[in-house]
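Take them in order, and try each one before you read its solution.

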Amino acid sequence: MANRFTVVTATRTSRAGGVVLLVLLAGLAAGPWWLGRGDMRLAVEIGSMLALAQMWNLLAGYAGLVSVGQQAFLGLGGYALFVGGIFLGLNPLVCIPLAGLAAALFAIPTAALVFRLRAAYFAIGTWVVAEVYMLSFAQVSALGGGSGMSLPADVVRGIAEDAGGRDALIYWCALALAVGATGLVYGLLRTRHGLALTAIRDSEPAAESVGIDNARTRWLVYIAAAFVTGMVGALVFLSKLRISPDAAFSVVDWTAYVIFIVVIGGVGRIEGPIVGTIVFFVLRAFLADLGAIYLIVLGLLAVAVMLAAPQGLWGLVAERAGVELFPVRRRLIVEKEQQA
Amino acid sequence: MSLLAVRGLTARYGDFQALFGIDLDIAAGETVAIIGANGAGKSTFLKAVTGQLAAAPDAVVYDGRPIGGEAPHHIVRRGIALVPEGRQLFPSLTVEENLLMGACVGRTGHWTLQTVYELFPVLRERRSAPGTALSGGQQQMVAIGRALMANPRLLLCDEISLGLAPIVIRDIYAAVPAIRAGGTAVLVVEQDIRQAMAVADRVYCFQEGHVSLSGRPADLTLDQITQAYFGM
Amino acid sequence: MEWVNAVVQGVMLGGLFALFATGLSLIFGVMRLVNLAHGDLIVLAAFLGVAVVEGLGLHPLVTLVIVVPAMALLGYGLQRGLLNLTLGGDILPPLLVTFGLSIVIQNVLLETFSADTRRLQAGALETASIELAGGISIGWLPLIVLLLAVAVIGGLQLVFYRTKIGRIFRATSDNPAVARLMGVNHRHVFALAMALALAVCAVAGILMAIRTNFTPTIGPARLLFAFEAVIIGGLGSLWGTLAGGIILGVAQAIGAQIHPGVQILAGHIAFLAVLAVRPQGLFPRLRD
């Protein structure tokens with residue numbers, strides 16, 4: 001008597017969620033027609049942070065690579081935009097994927113160095129490399145040295161002639177990056193590599209014993225994260241129109257905030273960065289005027305969540321209610337075949 | 001009155017229950033052996049008694065006081081020292097430093113560096129060597145000496161003959177009478193039935209987390225033991 | 001001759017880096033904890049020095065009498081109350097909690113002391129120097145820092161290899177679970193190690209405050225210097241950490257001699273070069 005097996009990842013909530021998600025995305029895509037200019041700028045920030053958070057979560061939450069140096073790739077992407085737009089005369093929008101490529105390219109030698117360090121030392125090693133990039137760009141006088149440079153008006157007009165058109169295009173890019181980064185993580189986790197990652201996260205020796213090539217999977221994830229982070233970098237400075245080494249390679253803006261977002265939302269869950277991003281921007285709306293106090297509150301909140309609920313806010317919700325919006329777990333369903 | 005009275009002790013690793021209601025007594029100065037096959041729960045029992053695994057307070061009563069579930073460093077201060085399985089010497093420390101670690105408990109009595117070196121003279125010669133540079137038998141002597149330095153009233157020995165040559169095992173067990181002479185009760189956990197029967201006043205046999213047999217070695221027949229050991 | 005001078009000054013600077021690094025090396029050695037707030041704790045000690053100097057009018061070096069025990073107490077409490085909660089198999093909690101702590105300390109200092117650049121005034125000591133042949137002069141202050149670094153590391157070496165608590169530190173580092181079977185309360189031992197590490201941070205912070213300008217946000221850079229000295233020297237060896245600090249100091253001084261803008265960069269590059277060629281460091285402990 002044979003049993004019938006089906007392997008499913010979808011859940012009832014996830015299917016219902018899928019429909020809601022599509023409607024939500026359609027609404028967001030239509031943003032330029034119903035959002036104000038200020039709202040659109042905020043949306044670009046939110047989208048950028050979400051994409052960065054997804055990438056950091058992919059690194060730390062799934063591949064066990066706790067990087068404190070993602071600002072390296074954000075800054076590289078930002079500078080790639082200025083090099084491409086000003087010196088190569090490329091359309092700034094074309095520069096966005098190229099910035100991703102540039103960051104991924106730099107990530108290869110970076111990985112060769114920092115992958116020699118394990119665990120916590122890897123974290124500080126990535127930070128050192130990011131400092132090296134920052135200090136190096138500060139020495140390049142063609143890029144404005146330490147004080148940085150602005151994107152010339154004619155390059156900016158290359159995006160679109162009118163300000164409204166530019167805002168809309170940048171908005172769509174941010175939306176695409178946020179959705180793309182989330183989709184990338186989701187897609188990756190559903191592939192064989194994703195299974196490998198989950199296995200590595202759960203037990204590195206066990207993963208090795210079933211023949212999963214950790215080093216290679218981790219390397220791929222690191223390069224992929226650099227690619228997306230580089231694109232976000234180009235987008236961020238396309239909307240800021242001005243770059244400097246301090247802003248481009250800021251550990252607080254591009255890594256500390258991102259870490260806090262992921263930790264608060266939930267490490268190792270795709271929903272975590274989304275929840276964390278919402279909490280982050282809500283808190284900012286109330287506390288941003290307080291300057292340093294805002295960072296103190298955020299830091300304390302992250303520490304408290306890490307200690308009291310290491311699975312994050314989303315983890316708390318998911319465990320209580322059993323919801324999963326992005327199911328990546330495979331569930332085995334066994335049915336006894338009916339006897340004739 | 002028993003020095004150690006274990007009543008209905010259960011222990012689990014996560015969802016896996018390893019001990020089911022163990023009852024066991026050790027009187028002051030007595031030598032007791034626990035025998036049993038791999039996975040019978042012998043080491044788990046020692047972990048629960050020494051505080052490395054959770055236990056109900058009343059399940060472990062020492063000197064009339066419930067101590068189940070106390071932290072390992074509290075339990076050893078009460079006078080229960082463990083010679084852990086696999087010896088577990090500190091690799092960064094010399095032989096003498098390993099022995100001195102045993103004295104961190106701060107209990108005084110018969111056992112000092114001097115008396116331990118008298119018990120195992122070879123250790124005095126190797127006192128400045130890193131603990132892990134010694135032979136297996138000598139390492140076992142360090143592990144026993146280290147536990148004695150705590151001047152325990154109850155010494156727990158986990159598989160001290162494991163992986164050693166018969167002649168070395170004989171040397172190690174030759175130390176037991178000297179340990180008993182100091183008034184210390186000894187509990188040895190052994191897979192080697194013959195060795196256990198020779199040294200112990202009383203024997204407990206564990207099987208799948210239960211006590212399957214107990215008694216004085218002279219009163220037990222080989223058939224009884226085989227059945228209790230292998231469940232056949 | 002100016003290159004020789006650069007190397008000499010670099011060696012002196014290396015003493016300060018070695019002091020930064022010693023605490024980091026010590027707590028990693030005892031409890032495998034990498035404290036990302038290490039640099040900020042050094043800066044916190046510097047600001048405690050500022051507060052004591054301004055409040056009591058003491059000479060900066062005398063503030064050590066107050067700041068060192070205060071930081072040691074803080075270290076004990078921090079470990080017992082917070083960091084012990086993060087220890088376990090997972091690397092995320094200790095990293096993220098100390099990273100959060102780093103951001104919190106920086107911003108508390110910003111709120112309390114503002115972003116102004118500070119320095120502790122040590123009077124005549126700042127300019128006093130010894131003239132050597134060939135126009136090279138060694139400042140008394142940098143020399144004192146270097147000698148103090150040697151003394152601190154020598155003292156820690158004695159504590160680790162000649163005292164009971166040092167033995168307990170090493171045993172706990174080897175295997176905390178077995179150390180507990182010897183009656184050692186590992187949580188207390190970890191807290192003592194952190195107290196010792198922050199006492200060293202206090203010395204480093206006060207000396208840094210006398211030698212250089214500082215602001216509330218320079219902590220992470222000190223963490224990186226400390227980390228680089230530890231890795232260059234090789235994990236697990238305090239004398240290696242001293243050597244690592246000196247190599248880093250010399251690299252920075254040579255960089256500064258080439259162009260003032262590349263001082264820090266030259267140090268980072270020296271570190272990356274060591275990482276590329278000899279990832280185990282130059283003087284690793286042979287037995288681990």
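**Exercise 1.** Find how much accessible surface chain C has, and what share of it belongs to carbon and sulfur atoms.

*Solution.* Start with the total: the accessible surface of chain C is about 10,500 Å², by the Shrake-Rupley method with a 1.4 Å probe. Carbon and sulfur atoms then account for 67% of that area. Keep in mind that this is a predicted model, where local features need pLDDT of at least 70, side-chain atom pairs count only at pLDDT 80 or more, and totals for chains, interfaces and linings use all residues. Residues are numbered from 1 along each chain as its sequence is written, chains are lettered from A and ligands numbered from 1 in the order in which they are written, and side-chain values use heavy atoms, leaving out hydrogens and water.

**Exercise 2.** Work out whether the radius of gyration of chain C agrees with that of a compact globule.

*Solution.* The rule, over C-alpha atoms, is 2.2 Å times the number of residues to the power 0.38. For 288 residues it gives a value near 19 Å, and chain C has 19 Å, so the two agree. Next, look at burial: 59% of the 288 residues are buried (under 20% relative accessible area, 1.4 Å probe, protein chains only). Finally, the C-alpha atoms fill a box of roughly 60 × 45 × 35 Å along the principal axes.

**Exercise 3.** Decide which pair of touching chains has the most contacts.

*Solution.* Count contacts (heavy atoms within 4.5 Å): of the two pairs that touch, chains A and C have the most. Chains A and B do not touch, with their nearest C-alpha atoms 17 Å apart.

Conventions:
Buried means under 20% relative accessible area, exposed over 50%, partly exposed in between (1.4 Å probe, protein chains only).
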